[in-house]
Amino acid sequence: GENVEQHPSTLSVQEGDSAVIKCTYSDSASNYFPWYKQELGKRPQLIIDIRSNVGEKKDQRIAVTLNKTAKHFSLHITETQPEDSAVYFCAASNGLTGGGNKLTFGTGTQLKVEL
Amino acid sequence: DTGVSQDPRHKITKRGQNVTFRCDPISEHNRLYWYRQTLGQGPEFLTYFQNEAQLEKSRLLSDRFSAERPKGSFSTLEIQRTEQGDSAMYLCASSPTGGGQPQHFGDGTRLSIL
């Protein structure tokens, strides 16, 4: 089955700096890669996703890049703000060949944005 | 609010008791997923439904676990003879049919086994 590794496990940045979180996946058939933000005691919230037919996607301060050859994808947050502090999870799924789109998650990155 | 809703939010029970959780997905979503999340970990897939059909179950889902979605709308997850290791957050998510569709999560049910 799919295995997703995520690094770093904790990340501390100064407000206004950029943050980068990296994930690798094992199943070359995976084709959908969402990122979720989870604040303490709350639901995972989808913040951005990318499909395997594109290499990069951007939404305001958030961007995701995908390298299918190397089987890794990254989350980039620019101009970080204190409200970006949370745990971020990457995930991967294979939804086009009967996999049902079940998500395999990484172990999470605790991002702390310091004033 | 038309998001995914779960009930109850918290459940405390004694070891050996049975528990049942409910999930109401976003109304137009045909797919419904159950995940389990333990402290410091990402959610782990348990099972999913396409309408009323349960199409896949994880090996994590032992014989003590059963899930249903009888009318293709809400779903229930039952755990029989609960064990200490069942303590976790049980998350429900829903999505439209089709590959690469975004899954939206509920707030989860936190289960604590005494």
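In which sense do strand β3 and strand β8 of chain A pair, and over how many bridges? The model is predicted. In it, β3 (residues 19–25) and β8 (residues 72–77) of chain A pair in the antiparallel sense, over six bridges. Within this pair, A:Ala19 stands opposite A:Ile77.

Both strands belong to an open sheet of five strands in chain A, in the order β1-β3-β8-β7-β6. Its pairing is antiparallel. The edges are β1 (4–7) and β6 (56–59), and each of them pairs on one side only. From one strand to the next, the twist averages 15°. Strands of a sheet pair through backbone hydrogen bonds.

Now turn to the charged side chains. Side chains of opposite charge can pair when their charged atoms come close. Over all chains, there are nine salt bridges. One of them joins A:Lys102 and B:Glu56 at 2.4 Å, N to O. This pair crosses between chains, from the loop between β9 and β10 of chain A to strand β6 of chain B. A:Lys102 is partly exposed at 30% relative accessibility. B:Glu56 is partly exposed too, at 22%.

B:Arg9 meets B:Asp107 at 3.9 Å, N to O. These two residues lie 98 residues apart. B:Arg9 is partly exposed at 37%, and B:Asp107 is partly exposed at 24%.

B:Arg64 and B:Asp86 form a salt bridge at 2.8 Å, N to O. They are 22 residues apart. B:Arg64 has 10% relative accessibility, so it counts as buried. B:Asp86, at 3%, also counts as buried. Finally, shared partners join A:Arg43, B:Arg9 and B:Asp107 into one salt-bridge network.

Conventions:
Residues numbered from 1 in each chain as written. Chains lettered and ligands numbered in written order. Predicted model: local features only at pLDDT ≥ 70, side-chain atom pairs only at ≥ 80, totals over all residues. Heavy atoms only, no water. Pairing = 2+ DSSP bridges. Helix = DSSP H or I, 4+ residues; strand = E, 2+ residues; numbered from the N terminus. Axes fitted to C-alpha atoms, helices over the stretch in contact; angles between N-to-C directions. Salt bridge = Lys/Arg side-chain N within 4 Å of Asp/Glu carboxyl O. Buried < 20%, exposed > 50% of the residue type's maximum accessible area, 1.4 Å probe, protein only.
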